[in-house]
Amino acid sequence: MQHNQLLKIAKDFGSPIYIYDSEVISGQYKRLMSAFSNVKQVKINYAVKALSNISILKLMRTLGAGLDTVSIQEVKLGLTAGFPAEKIIFTPNGVSLEEIETVAKLGCQINIDNLSILEQFGTKHPEIPVCIRINPHVMAGGNTNISVGHIDSKFGISIHQIPHILRIVENTRMHINGIHMHTGSDILDIDVFLYASEILFETAKNFKTLDFIDFGSGFKVPYKAGDIETNIEEFGEKLTKRFNEFCEEYGKDLTIAFEPGKFLVSAAGQFLAKVNVVKQTTSTVFAQVDSGFNHFIRPMLYGSQHEIENLSNPSGRERFYSVVGYICETDTFANNRRIAEINEGDILAFKNAGAYSFTMASNYNSRYRPAEVLWHNGEAHLIRKRETFDDILRNQIEIDLKPKKKSVKA
Ligand SMILES: *Cc1c(COP(=O)(O)O)cnc(C)c1O
């Protein structure tokens, strides 16, 4: 998108605001599909938690994607967006048996990630097909915040517990139709991922009734210049070869499934905020925007270095800035960042703000959550209104705090 288009959206709909470009999303979807074009059946289930706006879900539906969900509310959003239940996979962690049963009754694919629920669900509903989430104990990436397959992770059933899984399946006669892993948020090294895939293939051999193998996600997207990006084409080529070999060995054409969030929506999104104050101190120049971690928490929560562009003065002389928010907490978006000269009133764009950005927004400091706009076919469509004061008060109950009545003694 061009600067003037972005600035016009900020002018028309106000700031701060999230803007998503539908063309980038569909481009990423097609890229992933074509990387696996040599597998007979490919399923891409978009991870709703990355960006759950109903218009984004509808866009995913028109592209042909399914959904990966982690709560019954995400399931309901998917159904509301028009997805048939069978295109929704439910991959929760630590939710109640009741919630899983409710989602199963709606007709979604269930993915179970612990032995206790597996045994209870299999005992009560042996006829409902279930996918099993395996923890292959492979570290993908070096940051323990985002590596979910290693030994201390709370996610998945350990590969060392396969004998116990098999005992449950045999005793309950439940139907296992899929095997799943999601090793973490970053596939830094394709060989590490392929190594984990081999473990999944070994595991899959234990189950004779599979329809699919789900490799989760972890496709890395670059946040700043020089960041590593997963080479999808190379990854597709290597995994396709192994997957097709495995299907031959297994004796059936299985479906290969993925559930990317970030890969599909991260680069499509930008977060725009307005500079309220430029503050010179003895040590730096602060640019303070009309936002904070209440709207965009990734830089503070994960240390993500999102590129920042001054849309109002793109060719200005570059200076070093500390970009911070207006929340009464430390809310640093960037330190010592070279940005074209910033004046009060300028609009800054934070890049790569499509995934885990709006969905993690809150009302901290009683601020409104931002509006969202989808740029589609050359037009800006408001897909979420900015909140108002009514939203802040909604569900709050103001009670009558009369002084306590004195009890009357007999
Ligand atoms: C969050 C999540 C994803 C998506 O991960 P990305 O890094 O955004 O691609 C996929 N599968 C499961 C089970 C998840 O919890």
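Q: How many residue pairs are in polar contact across the interface of domain 1 and domain 2?
A: The rule finds nine, both residues at pLDDT 80 or more. A polar contact is a pair of N or O atoms within 3.5 Å; within protein, one must be able to donate a hydrogen and the other to accept it, and residues adjacent in sequence count only if both atoms are side-chain atoms. This is a predicted model, where local features need pLDDT of at least 70, side-chain atom pairs count only at pLDDT 80 or more, and totals for chains, interfaces and linings use all residues. Residues are numbered from 1 along each chain as its sequence is written, and side-chain values use heavy atoms, without hydrogens and water.

Q: Where are the domain bounds?
A: Domain 1 is 22-262 and domain 2 is 269-387; such bounds come from an automatic or database domain assignment. Their centres, taken over C-alpha atoms, are 33 Å apart.

Q: What area is buried between them?
A: About 1,500 Å², with 54% from carbon and sulfur atoms. Buried area is the accessible area (1.4 Å probe) that two parts lose on being put together, summed over both.

Q: Which three residues of domain 1 supply more than any other three?
A: Ser22, Asn53 and Tyr223, with 38% of the area that domain 1 buries against domain 2.

Q: Which backbone atoms come in?
A: A backbone N or O atom of Gly261, 2.9 Å from an oxygen of the ligand. For Lys262, a polar backbone atom is 2.8 Å from a ligand oxygen.
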